[in-house]
Amino acid sequence: MKDKATSEVEPKAHYRIYVIRLDDSVLELKKFRDVNPSYREGKPCYYVGMTGKPVRERFKQHIAGYKSSRMAKKYGKWLAKSKMRGIGKLTYEEAVEREPKLAEKLRQKGYGVWQH
């Protein structure tokens, strides 16, 4: 929507943060364990990302290997909807800021997390 005073267009809030449950076998990867030094045995592992697409569509793209993180493609199981609850649509800038914050929040709770 245009602001009458400045004639600038407001950024469109259509980005989403999404969380994919990863198979526990991801813990066999040293690089995954290295980025999760506070991982607590028995906690689930997740991939955290952001997209301008519907999250189900983006999940399907990961599994199919289209513009996919190797972690999400190989180890992705399902969308972890409970970890996305309460996160609405965001502008691109908001999503860029919130994605790593969510990943870190999950890590602090002892989960294994992959995020770029």
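Trainee: Helices here are DSSP runs of H or I with at least four residues, numbered from the N terminus. With that in mind, which residue takes a positive phi just after α2?

Mentor: That's G65, with a phi of about 90°. Keep in mind that you're looking at a predicted model.

Trainee: Okay, and what about K67, what is its phi near?

Mentor: The phi of K67 is near 45°, and this residue is not a glycine. For background, most residues other than glycine have a negative phi.

Trainee: Where is the place of K67?

Mentor: K67 is in the loop between α2 and α3.

Trainee: Is K67 buried or exposed?

Mentor: K67 counts as exposed because its relative accessibility is 64%, and the cut-off for exposed is over 50%.

Trainee: Back to α2 itself. Which are its buried residues?

Mentor: Helix α2 covers residues 55–64, and its buried residues are V55, R58, F59, Q61 and H62. They span an arc of only 160° around the axis, so they sit on the same side of α2.

Trainee: Nice. What's on the face turned away from the buried side of α2?

Mentor: That face carries the exposed residues R56, K60 and A64.

Trainee: And what covers the buried residues of α2?

Mentor: The cover includes strands β1 (16–22), β2 (45–51) and β3 (76–79), along with helix α3 (70–75).

Trainee: Let me zoom in on H62. Why does H62 count as buried?

Mentor: Because its relative accessible area is 1%, and buried means under 20%.

Trainee: Which side chain does the side chain of H62 make a polar contact with?

Mentor: The partner is the side chain of Y18, at 2.6 Å.

Trainee: Leaving aside neighbours within four places in sequence, what else is H62 in contact with?

Mentor: Besides Y18, the list for H62 has I20, Y47, K67, S68, S69, A72 and K73.

Trainee: Switching topic to charges. How many salt bridges does the count come to?

Mentor: The count comes to five. In general, side chains of opposite charge can pair when their charged atoms come close.

Trainee: Let's start with K30. What does K30 form a salt bridge with?

Mentor: K30 pairs with D34, and the closest N and O atoms are 2.8 Å apart. Both residues lie in helix α1 (residues 30–34), four residues apart, about one turn of the helix.

Trainee: How do K30 and D34 come out on relative accessible area?

Mentor: K30 is exposed, at 54%, while D34 is partly exposed, at 47%.

Trainee: What about E97, which residue is its salt-bridge partner?

Mentor: E97 bridges to K101, with 3.0 Å between the closest N and O atoms. Because they are four residues apart in helix α5 (residues 92–108), about one helical turn separates E97 and K101. On accessibility, E97 is partly exposed at 47%, and K101 is exposed at 51%.

Trainee: One more: which residue's side chain does K53 meet in a salt bridge?

Mentor: K53 meets E57, with an N to O distance of 4.0 Å. The cut-off for a salt bridge is within 4 Å. K53 is partly exposed, at 33%, and E57 is also partly exposed, at 38%.

Notes. Residues numbered from 1 in each chain as written. Predicted model: local features only at pLDDT ≥ 70, side-chain atom pairs only at ≥ 80, totals over all residues. Heavy atoms only, no water. Helix = DSSP H or I, 4+ residues; strand = E, 2+ residues; numbered from the N terminus. Buried < 20%, exposed > 50% of the residue type's maximum accessible area, 1.4 Å probe, protein only. Arc of directions from axis to C-beta. Contact = heavy atoms within 4.5 Å. Polar contact = N/O pair within 3.5 Å; in protein donor to acceptor, adjacent residues only side chain to side chain.
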